[in-house]
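Thank you all for coming; I would like to take a few minutes to walk through one chain with you. Please have a look at it first, and then we will go through it together.

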Amino acid sequence: MSLKRRVEPSHFFKVILNSTLEDKKLRIPEKFVRIFGNEFSNEVTLTVPNGRVWQVGLTKEEQKIWFHDGWHEFVQYHSISTGYFLVFKYGKNSKFNVLIFDMTACEIQYPYVKEEPEIENEDSVEIMDFTTTPNPTFHTPKKKVFDKCSRSSSRMPRLLNRSRTSFHEFISLLEDMGIYVNKRFGNISAEKRERAIAAARLFKPKNPSFMVISRSIDVSLRRLYVPANFAKRYFSRDFKSIKIVDSEERKWSVQLTWMPLCFMTKMGGFAKKLDDGDVCVFELIRPRALKVSVLKSEIL
């Protein structure tokens with residue numbers, strides 16, 4: 001009986017935040033560095049779907065690695081802004097393929113490479129003229145783009161077109177995506193905000209939803225806070241318990257406690273699955289039932 005060789009993950013994604021643009025560098029996830037970091041040279045190549053290859057230098061500090069020299073030029077050339085979603089595929093030998101998704105949650109129209117006719121003599125040199133076409137960014141959205149994308153994308157563009165994104169704008173972004181959050185939720189690190197936006201992009205709830213980032217105290221007390229606006233709108237104070245269903249169809253019965261804020265308490269086995277910093281997206285699928293999707297804290 002042959003044993004299957006373990007296949008290491010070769011992809012990672014990053015959500016672009018305002019702090020990322022200000023730093024002019026992008027950190028490669030720690031888990032990815034542990035797996036592949038020893039293979040990286042001091043310079044990597046980034047290839048986008050139009051075929052153009054970019055040389056980007058790496059900055060290394062202990063177990064941390066960033067795309068740095070040349071990264072800002074890559075960002076500027078592709079008009080990458082706050083809220084963009086980038087997927088990286090590693091292909092060995094310090095080479096990455098990159099996909100770029102804009103605020104509509106759709107892949108951008110990449111600047112195209114126009115080839116000039118070759119000069120027909122033995123000393124001819126191929127000349128490449130890099131000509132850009134407008135990106136369908138949130139500044140000039142086209143209706144047909146939004147029609148093909150998620151239900152909330154048409155409401156997203158107005159929020160993140162400023163040079164600085166405040167905590168309030170961050171919360172407003174999630175709420176415009178149909179996800180309720182605690183007003184104190186914004187007082188978190190840039191890394192946790194990045195995971196929160198990534199979770200919203202990945203799970204794309206279709207029904208009324210709310211998001212919670214678990215804290216160590218919540219895990220130990222086996223409880224999670226339900227945002228007040230969501231609780232008032234969708235839960236009755238007569239509700240004493242609800243069902244939670246995860247992506248594998250496992251079910252838990254949890255209690256609702258009003259004091260006067262609404263908490264899910266006595267979460268038992270579900271709470272044991274959570275770690276500090278996990279992003280949980282709860283989606284209302286029935287009056288007393290929530291579907292939950294969890295983005296684990298070590299993903300980014």
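Predicted model: local features only at pLDDT ≥ 70, side-chain atom pairs only at ≥ 80, totals over all residues.

As for the overall make-up, the chain contains nine helices and 17 strands, and of its 300 residues 46% are buried.

Let me turn to the open sheet of eight strands, whose pairing is mixed and whose order reads β10-β11-β16-β17-β13-β14-β15-β12. At its edges are β10, residues 179–180, and β12, residues 224–225, each of which pairs on one side only. β10 runs parallel to β11, and two bridges join them, one of the pairings being that of isoleucine 179 with serine 209 in β11. Helix α6, residues 190–203, packs on this sheet and touches β10, β11, β16 and β17, while its direction makes about 125 degrees with that of β17.

Moving along the sheet, β11, residues 209–213, pairs with β16 in the antiparallel sense over five bridges, and here methionine 211 stands opposite valine 281 of β16. On to the next pair: β16 and β17, the latter covering residues 289–295, are antiparallel over seven bridges, with leucine 295 in β17 as the bridge partner of valine 279, and a hairpin of two residues joins the two strands.

Is β16 largely enclosed or largely open? Six of the eight residues in this strand, which spans 279–286, are buried, and it is therefore largely enclosed by the rest of the structure.

Finally, a word on phenylalanine 170, which lies in helix α5, residues 167–176. Its relative accessibility is 3%, and because the cut-off for a buried residue is under 20%, phenylalanine 170 counts as buried. The C-alpha atom of phenylalanine 170 is separated by 7.8 Å from that of arginine 193, although the two residues are 23 apart along the chain.

Key. Residues numbered from 1 in each chain as written. Heavy atoms only, no water. Buried < 20%, exposed > 50% of the residue type's maximum accessible area, 1.4 Å probe, protein only. Helix = DSSP H or I, 4+ residues; strand = E, 2+ residues; numbered from the N terminus. Pairing = 2+ DSSP bridges. Contact = heavy atoms within 4.5 Å. Axes fitted to C-alpha atoms, helices over the stretch in contact; angles between N-to-C directions.
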